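Hi everyone, thanks for coming. Let me put today's structure on the screen, and then we can walk through it together.

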Amino acid sequence: MEQEQLNELMKARRQKLHQLKEKGIDPFGKKYVASHYSADIIAHFDELENKGVSLAGRLMSIRRHGKATFADLQDYKGRIQLYFRLDQLGEEKYSLIELFDIGDFIGVEGPVFRTKKGEITVAVHDYRFLTKSLRPLPEKWHGLKDIELRYRQRYVDLIVNEKTRQTFIYRSKIIQTMRDVLNEWGFLEMETPIMQPIAGGALARPFITYHNALGINLYLRIATELHLKRLLVGGLDKVYEIGRIFRNEGISPFHNPEFTSVEIYQSYADYEDMMHITENLIYQCAVRVLGKSEVTFQGETFDLTPPWPRSTMIEVVRKYAGVDFSKIDDDAGAVAAAREAGLELERESTWGEILNLFFETYCEEQLRQPIFILDYPIDISPLAKKIESNPRLTYRFEAFIAGKEVANAFTELNDPIDQRERFERQLARREAGDEEAHAMDEDFVTALEYGMPPAGGLGIGIDRIVMILTDNPSIRDVILFPTLKPR
C-alpha cells in the first residue's frame with residue numbers, strides 16, 4: 001500500500017515536471033546568486049528589516065491560503081519563512097506556486113519583515129524555480145525503525161534531521177581545528193600510502209587487494225605509523241597525518257571497518273609529551289568548536305580540561321578486578337589467576353596478554369571521566385619502548401573517555417635490534433594462527449638502522465572524539481556513509 005501511494009505521489013510530481021516544461025520553465029535550473037543565508041537574515045534582522053535580500057534553498061513546507069501562500073525554506077544554515085502574495089507576484093507567477101512540492105529548490109527575492117505573530121519572514125517579490133524534487137521526503141523519518149534507512153540514504157537524513165546536519169558540520173570543524181592547532185604547534189601534515197605491501201603499525205586484520213601490473217597483493221593500511229616514523233628518520237621532526245584507516249574487523253557502536261584517525265610523531269619527545277598533546281588537542285576541539293570544555297555524552301557530563309588524571313594498567317586492574325599483577329611473576333601465575341576469575345583463554349597466553357585481558361574485562365567500562373592508562377605490557381606493544389626498570393612493560397598509554405579508548409601512544413621504539421626481535425616474536429604468533437599479529441617489515445627495520453631519534457607517537461580516533469563532542473551513541477551517526485550489509 002505504501003509503495004502504491006509513493007508511486008502515485010511520484011507520478012504527480014512528474015506531471016508537474018512536464019507542466020513546468022510546457023510553460024517554458026527549466027525544472028533543473030541555472031546558477032542563482034543568494035545575498036544571504038537564512039540564519040544571517042534572522043541574526044541581523046534589525047539591520048535588514050524592510051531591505052531586499054535574495055536566498056536559495058529547499059521548500060520544507062507549503063501552506064496555501066487562496067491569495068496568499070506561506071512556505072518554509074531551508075538552506076545550509078537553517079530555515080526561514082517565505083510569504084507569497086497574488087497582488088505582488090501577479091496571477092501568472094502566483095499560479096505557478098501550484099506546481100511547487102515540498103523538497104523543491106527555489107531562489108527568492110524580497111524585503112524582510114516580521115509578521116504579526118513575530119516571525120521573521122521574507123516577502124517574496126520574485127522567485128526562480130531551481131530544481132524539481134521527484135521523490136517526496138519521508139513524513140516519519142525519526143525513530144529506530146528508520147535508523148538503517150537513515151544510514152543508507154544519508155542525503156535524506158541530512159535534509160530532514162537538523163541534528164544529523166549539525167553533527168557533520170561539527171565534524172568538519174573538529175577536524176579543521178585539529179589541523180589548525182597542530183599547525184600552530186609547528187607540525188607538518190603529511191600523506192602516506194593507503195595501499196601498502198605490508199600491513200603494519202597496529203595489531204589488526206587487513207583488507208587485501210591485488211595489483212595487476214605488479215602482480216602482488218597490497219593491503220589497505222591499518223595505521224599510518226610506520227611510514228610517518230620513516231619521516232623522522234629522514235629528518236622531519238614534527239609530522240602528522242589525518243586520514244582513513246581500514247581494519248577487517250567487526251561492526252559495533254564504536255567500530256567501523258573504515259574510520260578516521262590522526263597520527264602525530266615528534267622527534268626528541270616521549271609519551272609524556274604525547275599526553276600533553278592528547279589532552280590539549282581534544283580540549284581545544286571542544287573549546288573552539290563548541291565553546292565549552294564540559295560536554296555531555298549519553299547523559300554523563302565530562303570535563304575535558306587538562307591535566308587529565310593518570311593511572312597504570314596494573315593499578316586499575318588491582319582496583320577493579322582485585323588482582324595484583326605486580327605480585328604475579330610468570331605466565332603460569334597469570335594463567336592461574338585468569339582461571340580463578342573464570343576468564344576464557346583462547347590459546348596459550350602470556351603474563352602481559354592476561355593482564356590486558358583483565359583490564360579489558362573489568363576496567364575499561366569503569367573509566368568514565370578522561371584518564372590516561374599507562375605502562376602497557378610489551379607482549380601487546382611491539383612498537384613501544386620498554387621500561388628499563390620493568391622490561392615486561394612499555395612506555396605506552398591509552399586515553400579513555402566514557403569507558404572507550406580514544407587515543408593510543410608510545411615512547412617510540414627506535415632500537416632496530418630490539419624491533420627486529422619484536423617483529424620475529426609477532427611473526428611466530430602469526431604462524432601459530434594469530435591473524436592480527438604484526439608482520440615483519442624489513443624496510444622499517446632498515447630505516448631504524450640508519451637511526452631514528454628518540455620520539456613520541458600518538459594516534460587519536462577522530463570518529464570517537466566526534467561521537468563524544470556531539471553526543472551521538474553510535475559511530476555510524478558520525479560517519480557520513482558507514483559500512484552496511486547490502487540489502
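This is a predicted model: local features need pLDDT of at least 70, side-chain atom pairs count only at pLDDT 80 or more; totals for chains, interfaces and linings use all residues.

Residues are numbered from 1 along each chain as its sequence is written, and side-chain values use heavy atoms, with hydrogens and water left out.

Back to our sheet. Helices (H or I, at least four residues) and strands (E, at least two) are DSSP runs, numbered from the N terminus. Two strands pair if DSSP finds at least two bridges between them. Met 195, for instance, has Leu 220 in strand 10 as its bridge partner. As background, strands of a sheet pair through backbone hydrogen bonds, either parallel or antiparallel.

Now to the inside. I'll say "buried" for under 20% relative accessible area, "exposed" for over 50%, and "partly exposed" for in between (1.4 Å probe, protein chains only). A nonpolar core is a set of buried Ala, Val, Leu, Ile, Met, Phe, Trp, Tyr and Cys residues joined through side-chain atoms within 4.5 Å. The largest one here has 46 residues, and Met 178, Val 262, Ile 264, Phe 397 and Leu 458 have the most contacts inside it. Helix 10 (residues 271-290) gives the most to this core: nine residues. There is also a second, separate core of 27 residues, which includes Leu 59, Ile 106, Val 108 and Val 112.

Let's zoom in on Met 178. Contact means heavy atoms within 4.5 Å. Leaving out residues up to four places away in sequence, Met 178 touches Ile 242, Val 262, Leu 281, Cys 285, Ile 460 and Ile 462. Cys 285 is itself buried, at a relative accessible area of 0%.

Next, helix 13 (residues 351-363). Its 13 residues reach 17 Å from first C-alpha to last, close to the 18 Å expected at 1.5 Å a residue; the expected span is 1.5 Å times one less than the number of residues. Buried residues in helix 13 include Trp 351, Phe 358, Phe 359 and Cys 363. The helix's buried residues pack against several elements, among them helix 12 (331-341) and helix 14 (416-431).

Finally, charges. How many salt bridges does the structure hold? There are 31, a salt bridge being a side-chain nitrogen of Lys or Arg within 4 Å of a carboxyl oxygen of Asp or Glu. In one of them, Lys 229 joins Glu 412, with the closest N and O atoms 2.6 Å apart. Lys 229 lies in helix 9 (residues 225-233) and Glu 412 in the loop between strand 20 (404-411) and helix 14, so this pair ties together parts 183 residues apart in sequence. Lys 229 is buried at 0% relative accessibility, and Glu 412 is buried too, at 1%.

Arg 244 and Glu 258 form another salt bridge, their closest N and O atoms being 3.2 Å apart. Here Arg 244 is partly exposed, at 28%, and Glu 258 is partly exposed, also at 28%.
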